[in-house]
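Have the viewer open as you read.

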Amino acid sequence: MHKTLPFLDPLLIVLSLLALWFAVANFNSVKRFLVGRPMRSRELNNNHTKLFWFIALPVLAADLYSSVAYGPEAGITEIAQLGVNVKWLIVPITLATVILLTALIISYIMGVSAYPNGGGAYAIAKDNFRAPWVRLLASSSLMIDYILTVAVSISSGIQQIASAYPILAPHVVGLSIACIIIILLVNLRGVSESASVFAWPTLFFMLCMVFLIGYGFIEGGPHGLVSKYTPPFGVFPKGLTLLLLLKAFSSACSSLTGIETISNSVPIFREPRTRGAIKAYIALGTITGITLIGFSSLLYFQGISVNPNNTMLSQLLGSYFGHSILYQIIIWATFLVLILAANSTFTGFPQLTALMAGDGFLPRSLLVRGDRLGYSNGMLVLAALSALLIEGFRAQTNSLIPLYAIGVFVAFTVAQIGLVKRWLRVRGKMWRLKSFINSFGAVLSAVVAIVFAVTKFTGGAWIVLVVLPLLMFMATKIRKHYTLLADELRINLKEERPIRHHVVTILLLSGLHRVTLNSLSFALSLNSDVIAVYVGFDDESIARIEKRWEEWGNPCRLVTLKSEYRSLIQPVQRFIKFVESREGGRPDHIHIILSQFLPKRHWAQILHNQSSLLLRTWFLWNKDVIITTVPYHLNESEIESEKT
């Protein structure tokens, strides 16, 4: 077993803490280095922030196309325990998957034409169903799918490398989380930046798979594709049931996740963006279908078996090329595309959450664009949740896949039914054919979702079935909060006017010094009644402050309070109650001023009492008063030079 050096872990911890301290102390510089210069809002619609369809294709297709590396294997794994005679079923199962792929691609092309502003299943459900829960079902399902896509794709990529290099097996979790961080940083730099970095590895993987399939058919052609390793075709083993076949088919359909990414991300295409998205869909469907059929056929011809310690792709490459340079190149290409499959999710997830936030179903902060005009808060949420998932499931793809496909196929079903309703309502050209295609896709998607939910329930699918309604409930509560808030804050502009109030300003003193001078000068400039309040813990400190105040010329009324229990909050609270009910009428507003000096060096802040922070927090949550913090920035370097 590989052992690390005893001093390595403490050293890494110290270096990590130093890096964290440097990043906090130099936040703006580190942010500019990692993310890049801020971009103006008007640059949002410039061509350099949009993608030509051929470049957008590999960026958005990585999620779907990378699934060919594990989709057929996931299907045949479900029935592998029935013996060798079951291996031939990988071909018909994959063919059924390609039929569903074709139906979904055609459906989403029609969806893009009907909804050119993006949003996918959420936009379709919003337009065709009055009940908000339907769009929440679609969007919550897609959010779960996006988070799982990152976790499954990266875990699968790391496992491909661990199959080739077993020394990496103990470190799959750490390597997976490191990959998430790298992808996050590149995406924070903007969609055009991520395209320039991530498009070419996906295209290279496509070429590698086409080369592998072509090599397999050409190499086997002269000798006949059937080899001595090919199991018998058409033999149904004992124990094979319809439920098992449906279970295998639904697992193989995990290779269809990611179809919706293009429809969710139409706004990132260059004009005419609808035509560009349709071209990307046609190209993606063609290359994915050919690859799935060719890859599964080669797995059958070579008689590849399921091996938990060695992926079927790795075994197939080994049977053709051994562990030669070609094996290494394709394995690394597979690793890269599985990692980059998560990248397309970093485009689709923020777009979806921004749409939901715009409708009030998610926090408004997800609507805010970052320095590079992307929805950076959505990217951060996606990275954090997927990293937690990888940590929780220890980066095991087979443990994550049962959770994987339910969400996406629920969203597929809602989108297909929504489109059927649209064609029945709008009609138009070829509406009957469109309705039939979407109805067919809806039925197949619903069957896959139900089979997954039933057969994978005890294997972890119950988690999704619990989380899905929980997300919908939370979204409903968030929407209700925003609605109530808007109702409470709304004013009648014709009847309600701002009025002048009687304000009593209370300045809390910690002593008489330059910080007090700065704060008191501000308070006396506000045209309100000013009372200075000092809380002392003994008679000597109170007498000293009263004497010095008199020497200072009594700039305003001074009230001293004694706190025998050394508490600041309780005496001030009692005084505020007294002021609220004092003779002469209750004041309209009480205004509390807190002084705070800020050292030039950030680390020096921990050396000083944080009483102003404590008081401000307590008052904001417990009293209906106005809080103002008056800062005083210390310039210790100038004082030091004067003394010198």
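## Ground rules

A crossing is left-handed if the near helix is turned anticlockwise from the far one by less than a right angle, and right-handed if clockwise. Keep that in mind for the helix pair below.

This is a predicted model, so local features need pLDDT of at least 70 and side-chain atom pairs count only at pLDDT 80 or more, while totals for chains, interfaces and linings use all residues. Residues are numbered from 1 along each chain as its sequence is written, and side-chain values use heavy atoms, with hydrogens and water left out.

## A helix pair

Two packed helices are described by the angle between their axes and the distance between the axes. For helix 21 (residues 569-580) and helix 22 (residues 611-622), the angle is about 45° and the axes are 11 Å apart. Axes here are lines fitted to C-alpha atoms, for helices over the stretch in contact, and angles run from 0 to 180 degrees between N-to-C directions. Helices (H or I, at least four residues) and strands (E, at least two) are DSSP runs, numbered from the N terminus.

Helix 21 and helix 22 are therefore oblique to each other (under 35 degrees is roughly parallel, over 145 roughly antiparallel, 65 to 115 roughly perpendicular, and the rest oblique). The crossing of helix 21 with helix 22 is right-handed.

Which residues of helix 21 and helix 22 meet? On the helix 21 side they are Ile569, Val572, Gln573 and Ile576, and on the helix 22 side Leu614, Leu615, Trp618 and Phe619, where contact means heavy atoms within 4.5 Å.

Five strands form an open sheet in the order 3-2-1-4-5, with parallel pairing; two strands pair if DSSP finds at least two bridges between them. Strand 3 (557-562) and strand 5 (626-633) each have a single partner strand, so one side of each is left without a neighbour in the sheet. Direction ignored, neighbouring strands are turned by 25° against each other on average.

Helix 19 (residues 514-524) lies across strand 1, strand 2, strand 4 (589-598) and strand 5, at about 135° to strand 5.

## Two positive phi values

Arginine 427, in the loop between helix 16 (397-426) and helix 17 (431-455), has a positive phi of about 60° although it is not a glycine. Arginine 427 is partly exposed at 44% relative accessible area (buried is under 20%, exposed over 50%, partly exposed in between, with a 1.4 Å probe and protein chains only).

Asparagine 554 has a positive phi of about 45° and sits in the loop between helix 20 (539-551) and strand 3. With 43% relative accessibility, asparagine 554 counts as partly exposed.
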